[in-house]
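This briefing goes through one protein model by topic.

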Amino acid sequence: MRSARVISNIKSSLVQTPAWQRLVVHHNDMQRVHMMDLFKKNPNRFNDFSLQFEGILLDYSKNIITSKTMDHLFYFARKQRVKEWRHKMFTGGNVNNTEGRAVLHTALRNRSGQPVMHNGKDVMPDVLAQLDKMRAFTDNVRSGEWKGYTGKPITNIINIGIGGSDLGPNMACRALCPFADGLRVHFVSNVDATQLSNRLAKCNPETTLFIVASKTFTTQETITNAESSKNWFLAHPDVKQSDVAKHFVAISTNKEKVEAFGIDPVNMFEFWDWVGGRYSLWSTIGLSIALYIGMDQFIEMLEGAHAMDEHFLNEPFDTNMPVILAMIGIWYGNFFGAESSAILPYDHNLRLLPAYLEQADMESNGKSVDRDGRQTTYSTGKIIWGAEGINGQHAFYQLLHQGTLLIPTDFIASVNNKSCNLENHGNILASNFIAQTEALMRGRDAKETRLQLRNAGIDMKEIEMHLPHMTFQGNQPSNSIVLDSLTPRSFGSLIAMYEHKIFVQGIIWNLNSYDQWGVELGKKLARNILDELEKGETLYEHDSSTEGLLQWFFNRRK
């Protein structure tokens, strides 16, 4: 990595721009507006504030917005040159300025046949060559032609990676499990040996294939888990060192270290420095996905993402899903003071989506310095959190309904669920999905609550005692994202939509959304402390808390 530029004391002037100030004035007009009144004034509000893309509906009518709000937000986006930056990203410009890199994950799913240039070279031949290599390999493994050291076909895949090399493929495999047809795929990321031990306990070395995903092949957690997996494999009777090549493959750029590990370089899959980790599931990092659902379905996922790329690139702002979602997020984060946003999928197969978007969003836009090295004077990346819908209703929805915080939410559902043919379950799920968005918007006033309690036969004294606890103002904003069905194609479109939303917000805030310098210090200090733990003595200067924790570990281990 190149050195980060020195942070200057100059503050960003974004908040002084006319586009920002126009939104400040408009917010003063809107902050006491209730969405229920907006719906009463405009019976066509759903039609005015919703749009469709292929089999995906976005309903953003349950937001504290008017047409004037959206006009102001789109004006802000134009002034921040979102169109120009969008073109720069898609054409291989130096978008990641602190590391001097292009940002071309969109090229990984480019199905148009058009060249994508980077430093004067078309990257598509290399991309397509790796896809061809993936197809040959996955077909070989899935057909049973690839044999383990005893001649048995592979039945289990263990993907060893961390961050983007784990979260994306893991989330995708869980989401697309109805399309799997044989191989079992497991994921290991945590250096806590418990996770690896649990995965290995389910596998037979004769029929297990390990994917080691590390660009440099030096990532501490990944290589530690890979070495432990190799030791487990070699500890079985009749296993020879040369058998490692039949059970381990790599996704990396470091051929020397891959060979030293014992992996045949023929079985090393490559990707490029213009692919950020959290945007890499479309690359060879998605090998575990392709093994799980088959290469044809993996290509369907890429095509769905490419379709959303084309939508994002070509649609006007007012009919552009990623732009609309991004600007609504800016509206709440920078003008209403919202500090977090919840992702609430009402589809069990999307249960890992909140965790995936935590990394995608917070690692991208969790910055306090803009791309020009100036300190920001405005709020940037939001806290992203959430859980699958019905479970969340019995956990944290109380905070959404009656808490003191404004928390914008994205509700995500599938109309047709390929994992379940129990109609009553689907109806219950859908009813809760729709009802929660309505309840968050409507709230419940004293008049309605009093009438309900009176009809229930409760006396007036008790009614008045309970009334303050049972009323809430509502006006909590939400977006509803509804898929006709969760398929590889619609899944690809959904993830690409969020990627572009994150990109737009980074441009609005003038951030580099594609570096992550903030995580480097912790890694460096961990290496020092690991050295101390292994030697059993203090070697570096620490504060009293860190020193106390070290001594606690030393003493308890003795």
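## Strands, spaces and cysteines

In the hairpin formed by β1 and β2, two residues lie between the strands, and Glu-54 has a positive phi near 45°. The model is predicted. Its chain is assigned to domain 1 (34-93 + 315-441 + 474-510), domain 2 (107-300) and domain 3 (519-555). The whole structure contains four cavities of 30 Å³ or more and zero disulfides.

**Hairpin and its neighbour**

- Strands β1 (residues 50-53) and β2 (residues 56-59) run antiparallel and are joined by four bridges.
- Within this pairing, Gln-52 is opposite Leu-57 of β2, and Phe-53 has Ile-56 of β2 as its bridge partner.
- β2 also pairs with strand β13 (residues 478-485), in the antiparallel sense and over four bridges.
- On that side, Leu-58 stands opposite Ile-481 of β13.

**Parallel sheet**

- Five strands form an open sheet with parallel pairing, in the order β6-β5-β7-β8-β9.
- Its edges are β6 (184-188) and β9 (268-269), each of which pairs on one side only.
- Inside the sheet, β5 (residues 156-160) and β7 (residues 208-213) pair in the parallel sense over five bridges.
- Asn-159 has Ile-211 in β7 as its bridge partner.

**Domains**

- Domain 1 is given in three segments, 34-93, 315-441 and 474-510.
- Domain 2 covers 107-300 and domain 3 covers 519-555.
- The centres of domain 1 and domain 3, taken over C-alpha atoms, are 41 Å apart.
- Domain 2 and domain 3 each contribute at least three residues to the lining of the largest pocket.

**Largest pocket**

- The largest pocket holds about 1300 Å³ of space.
- It is lined by 40 residues, and those closest to its centre are Ile-162, Thr-219, Gln-516, Glu-520 and Lys-523.
- Helices α9 (220-234), α15 (353-365) and α22 (520-535) each give at least two residues to the lining of this pocket.
- The lining of the largest pocket comprises 14 nonpolar, 16 polar and ten charged residues.

**Second largest pocket**

- The volume of the second largest pocket is about 560 Å³.
- Its lining has 26 residues, with Ser-414, Asn-417, His-425, Gly-426 and Leu-429 nearest the centre.
- With eight residues, α18 provides the largest share of the lining of the second largest pocket.
- By class, twelve of the lining residues of the second largest pocket are nonpolar, eleven are polar and three are charged.

- The largest cavity is lined by 17 residues, of which Gly-329, Ser-341, Lys-382, Lys-501 and Gln-505 are closest to its centre.
- Two or more lining residues of the largest cavity come from each of α14 (321-335), β10 and α21 (488-508).
- The most lining residues, five, come from α14.
- The lining of the largest cavity divides into seven nonpolar, six polar and four charged residues.

**Cysteines**

- No disulfide is found anywhere in the structure.
- Cys-173 takes part in none, and the nearest cysteine sulfur, in Cys-177, is 9.4 Å away.
- A disulfide requires two cysteine sulfur atoms within 2.5 Å.
- Cys-173 has 0% relative accessibility and therefore counts as buried.
- For Cys-203, the closest cysteine sulfur is that of Cys-173, and because the two sulfurs are 14 Å apart, they are too far for a bond.
- Cys-203 is also buried, with a relative accessible area of 11%.

Methods: Residues numbered from 1 in each chain as written. Predicted model: local features only at pLDDT ≥ 70, side-chain atom pairs only at ≥ 80, totals over all residues. Heavy atoms only, no water. Buried < 20%, exposed > 50% of the residue type's maximum accessible area, 1.4 Å probe, protein only. 1 Å grid on protein atoms, 1.4 Å probe; cavity = no way out; pocket = protein on both sides within 12 Å on 5 of 7 lines; lining within 4 Å. Points joined across faces, edges and corners; volume = space filled by probe spheres on them. Nonpolar A, V, L, I, M, F, W, Y, C, P; charged D, E, K, R; others polar. Domains from an automatic or database assignment. Pairing = 2+ DSSP bridges.
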